[in-house]
Amino acid sequence: MSAAEHDPNCIFCKIVAKQIPSRLVYEDAQVYAFHDINPWAPVHFLLIPKAHIPSLAQVTPAHGDLMGHVMALIPRLALQEGCNPYPDGGYRVVTNTGTEGGQEVRHLHFHIMGGPRPWLRG
Ligand code: 5GP
Ligand code: ZN
């Protein structure tokens with residue numbers, strides 16, 4: 001990860017750098033996935049690019065390969081983490097974007113939530 005892709009003030013960049021501990025779900029050169037500290041559902045993890053992209057609002061066609069990688073990983077990791085298979089199972093994928101979108105952490109992340117209902121939220 002080059003310095004330009006890392007924001008030293010960003011909590012998720014610190015998680016990627018393992019300066020803050022997290023419960024790992026998956027990691028490769030491009031992405032990092034870890035359990036949400038405050039889960040809404042029986043399965044609730046976050047999938048993030050390692051590079052510091054603040055939100056979906058900054059995604060451009062230059063991120064096409066990365067976004068394709070993320071989208072193809074979601075179904076695989078969801079089943080790995082215990083979501084039940086589609087169509088009776090499934091999962092919810094949420095990307096809060098900006099203040100009015102409910103985004104609290106300004107590093108692009110995909111919430112993946114699943115498992116038997118009822119859920120705490122969502
Ligand atoms: P947002 O509201 O930005 O879409 O979601 C941020 C998510 O990050 C929240 O669900 C919150 O529980 C999670 N979160 C915030 N800080 C930490 C942390 O230090 N570790 C982990 N594992 N999750 C975090
Ligand atoms: Zn970051």
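The shell around ligand 1 has seven nonpolar, seven polar and two charged residues. Here Ala, Val, Leu, Ile, Met, Phe, Trp, Tyr, Cys and Pro count as nonpolar, Asp, Glu, Lys and Arg as charged, and the others, Gly among them, as polar. This is a predicted model, where local features need pLDDT of at least 70, side-chain atom pairs need 80 or more, and totals for linings use all residues. Residues are numbered from 1 along each chain, ligands from 1 in the order written, and side-chain values use heavy atoms, without hydrogens or water.

Of the 16 residues around ligand 1 (a heavy atom within 4 Å), D36, N96, E104, H109 and H111 come nearest. α1 (11-16) supplies the largest share of the shell, three residues. β2 (31-35) supplies at least two. Helices (H or I, at least four residues) and strands (E, at least two) are DSSP runs, numbered from the N terminus.

Polar contacts are pairs of N or O atoms within 3.5 Å.

| Residue | Atom in the residue | Distance |
|---|---|---|
| N96 | polar side-chain atom | 2.8 Å |
| V105 | backbone N or O | 2.9 Å |
| H109 | side-chain N or O | 2.8 Å |

The protein covers 86% of the 520 Å² of accessible area that ligand 1 has on its own (Shrake-Rupley method, 1.4 Å probe).

Methods. A polar contact is a pair of N or O atoms within 3.5 Å; within protein, one must be able to donate a hydrogen and the other to accept it, and residues adjacent in sequence count only if both atoms are side-chain atoms.
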